[in-house]
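Please read the following note alongside the sequence and the three-dimensional view. The points are numbered so that each may be checked in turn.

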Amino acid sequence: MGFIAFLKTQFIVHLLIGFVFVVSGLIINLIQLCTLVLWPINKQFYRRVNCRLAYSLWSQLVMLLEWWSGTECTLFSDEATVNTFGKEHVIIILNHNFEIDFLCGWTMTERFGVLGSSKVLAKRELLYVPLIGWTWYFLEIVFCKRKWEEDRDTVIEGLKRLADYPEYMWFLLYCEGTRFTETKHRISMEVAESKGLPKLKYHLLPRTKGFTTAVQCLRGTVSAVYDVTLNFRGNKNPSLLGILYGKKYEADMCVRRFPLEDIPQDEKEAANWLHKLYQEKDALQEMYNQEGIFPGQQFKPPRRPWTLLNFLFWATFLLSPLFTFGFGVFASGSPLLILAFLGLVGAASFGVRRLIGVTEIEKGSSYGNQEFKKKE
């Protein structure tokens, strides 16, 4: 094991990375709070500023994937589709099977220059998660409780507010509503059977309300829907902790572009279109499992240096005073100060671990587990 590989496995290094992310995130959130005064003066300037502030935070996670773990991301698509990346407003449909599927998506948005302006339809619980939810609030992310009767007006209002967004945005939809587990899949397929819908092998039944509403509200702004099917070579199931330990993965993403005018305007027909899309996604997963490859040309967009440079800036800015302070504490010889400092380190470790826990499948939402019982 080389020295760099050894460093990647050390808890103290992980703690320092977490410290930089958390403290820089809190500083960024404070700056975002101050930018609220810009909204009534120049809304579009406020949005551009917050896109860059969000980039400064999210790109630190992308740095871990690209530069720290060295994970490779390969696109399977066609040249015409790849040439549109970063040049239009789009809706992204991504399968929700992995702990770091969002991070692979962010890597692609970064490489095509739209990481800061990327959007998502997110569960409302995330609004109260420090850094993640707080940053998203200033980015006008659309939050929902996943109860359509309560969400309808909020979601429609949030989507319509994005119609004049000044920078190209990729709006992510996890149409399955929650991460794939065997329990959720079994229940979801019982629902499919009860509704007379074709069963899926690798996906949950898509929930159509969010998709049809997004298409309806963003029609005229969004140019296309990108369907993205993600898988990892070697049947790997990567985690954010694995990335933090420097484990390298190989991600394959099949991307298909559907012009928005090809999607029916009628809500029922659009819902049927989405169900058909998920049947195609299931076939793509079956092909990948059998052949180890997706159809289409292979593209490897080059990683950019900005994520690494951004992290090095924050690390230099924040770790220098931390080391000076820590040295002063231990040099003082005061047991009280030393215990207080160690307590602070422990609290920071706990906080970082809780943030990582947000991404873990086994600690994820139970949403969907009772779906069939409710139908009954």
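**Note on the predicted model**

1. Leucine 131 lies in the loop that runs between strand 3 (119-123) and helix 6 (132-138). The model is a predicted one, and in it this residue has a positive phi of about 70 degrees, although it is not a glycine. Most residues other than glycine have a negative phi. Is leucine 131 buried or exposed? Its relative accessible area is 1%, and therefore it counts as buried, the cut-off being under 20%.

2. A second residue with a positive phi is asparagine 235, also not a glycine, for which the angle is near 55 degrees. Asparagine 235 belongs to the loop between strand 6 (224-232) and helix 10 (240-244). With a relative accessible area of 74%, asparagine 235 is exposed, because the cut-off for that term is over 50%.

3. Which residue of strand 8 is the bridge partner of phenylalanine 76? The partner is glutamine 298.

4. Lysine 8 is buried, yet it has no salt bridge. How far away is the nearest side chain of opposite charge? That side chain belongs to glutamate 72 and is 12 Å away; a salt bridge would require a side-chain nitrogen of the lysine to be within 4 Å of a carboxyl oxygen. Leaving aside residues up to four places away in sequence, lysine 8 touches His14, Trp68, Leu244, Tyr245 and Gly246.

5. Finally, the overall division of the protein chain may be noted. The chain is divided into domain 1 (6-301) and domain 2 (312-361). The C-alpha centres of domain 1 and domain 2 are 31 Å apart.

Technical notes
Residues numbered from 1 in each chain as written. Predicted model: local features only at pLDDT ≥ 70, side-chain atom pairs only at ≥ 80, totals over all residues. Heavy atoms only, no water. Domains from an automatic or database assignment. Buried < 20%, exposed > 50% of the residue type's maximum accessible area, 1.4 Å probe, protein only. Lys, Arg positive; Asp, Glu negative; His and termini not counted. Contact = heavy atoms within 4.5 Å. Helix = DSSP H or I, 4+ residues; strand = E, 2+ residues; numbered from the N terminus. Pairing = 2+ DSSP bridges.
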